Amino acid sequence: MKDGMRALAALALAVPSALAFAQAYPNKTIRLVLPYPPGGGSDTIARPLVQKLSESLGQQVIVDNRGGAGGNVGMEQVARAAPDGYTLVLALTAQLAVNPALFRKLPYDPVKDYEPVIFLGNGAYLLTVHPSLPARNVKELIALAKARPGQITYASSGNGSGAHLCTELLNLMAGIKLVHIPYKGGGPALVDLLAGQVQILFATPVASTQHIQSGRIRALAVSTAKRTVGLPDLPTVAEAGVPGYDSGVWYGVLAPAGTPREIINKLNGELNRVLNQPDYRNLLVQNGIDPAGGPPEELSKFIKSELVKWAKVVKDARVTVD
């Protein structure tokens, strides 16, 4: 009985203490780790985000680029950080759903080591082809690939990259065999698509839209389950001939496991407010990302479903990293 009373007393003291801690938060700089080197596409999303979050919280929020090992370096750093709300991470599909299947020894667990804060958005890739390829839609591309097994090439920004996995998912679901040509980055892959050295690329809207408009490459479909806000007339791969196909790059903000729920809720509320600001929503749409938002549970649920999906793709397609 005495032990029970002591436990109750300790709990009674802990609750006000946790509330006071959350109410005082934040009282110093918050670090948003980006697990990529500076200058990448993720910076375009992260830097305006921290500026708006700084204004909303009344405390400075900075981007801390920590690239390396496909994002594993930055993810491990956040997993080991103090769970006090002052270290966060902006992670992508690769870190949260693909790397666990790609790397034998991953230095973090995407479910156990983090507290989801918010699902920022889901970005589509565009299924693009060189004009010399006689396919004007997805069904024609699949028919052509079946008629020429192992002869049509596709580019990617490297083994295990989003473009690589998008195409391998298409291979598996459509029953075709497009030949992979990996590059060291999306830029060189797009250059060779434009030159006709390769025939297919799942490209980002930001990098490819100007070339689609000029007719140098042809867009057949978007990779996500729903049409993207920025390109409402372009069908999805699923609509165009591969039912159930869904692939893209999505973004989530997470904190170290054990971060107090009061702080998670506060950050979630402020980030939802940022997502609802027209200028930031427009920025995401211009970068091919459909804004998401909602409670932390939305991101948690999505991560778990994506882990199952991409583990199967990596295994069935025998994807390996360099």
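The following legends describe close-up views of a predicted model.

**View 1. Strand order in the open sheet.** Six strands, in the order β2-β1-β3-β10-β4-β11, form an open sheet with mixed pairing. Strands are DSSP runs (E, at least two residues) and helices are DSSP runs (H or I, at least four residues), both numbered from the N terminus; two strands pair if DSSP finds at least two bridges between them. From one strand to the next, the twist averages 30°.

**View 2. Strands β3 and β10 with helix α10.** Strand β3 (residues 87–92) and strand β10 (residues 249–256) run antiparallel and are joined by 4 bridges. Leu 92 has Tyr 251 as its bridge partner in β10. Helix α10 (residues 261–275) packs on the sheet and touches β3, β4 (114–123), β10 and β11, contact meaning heavy atoms within 4.5 Å. The direction of α10 makes about 15° with that of β4; axes are lines fitted to C-alpha atoms, for helices over the stretch in contact, and angles run from 0 to 180 degrees between N-to-C directions.

View 3. Lys 177 is located in the loop between α6 (162–174) and β7 (179–182). With a relative accessible area of 49%, Lys 177 is partly exposed (buried is under 20%, exposed over 50%, partly exposed in between; 1.4 Å probe, protein chains only). Not counting residues up to four places away in sequence, Lys 177 touches Pro 149, Gly 150 and Asn 171. A separation of 9.2 Å lies between the C-alpha atoms of Lys 177 and Thr 153, which are 24 residues apart along the chain.

**Notes.** Residues are numbered from 1 along each chain as its sequence is written, and side-chain values use heavy atoms, with hydrogens and water left out. In this predicted model, local features need pLDDT of at least 70 and side-chain atom pairs count only at pLDDT 80 or more, whereas totals for chains, interfaces and linings use all residues.
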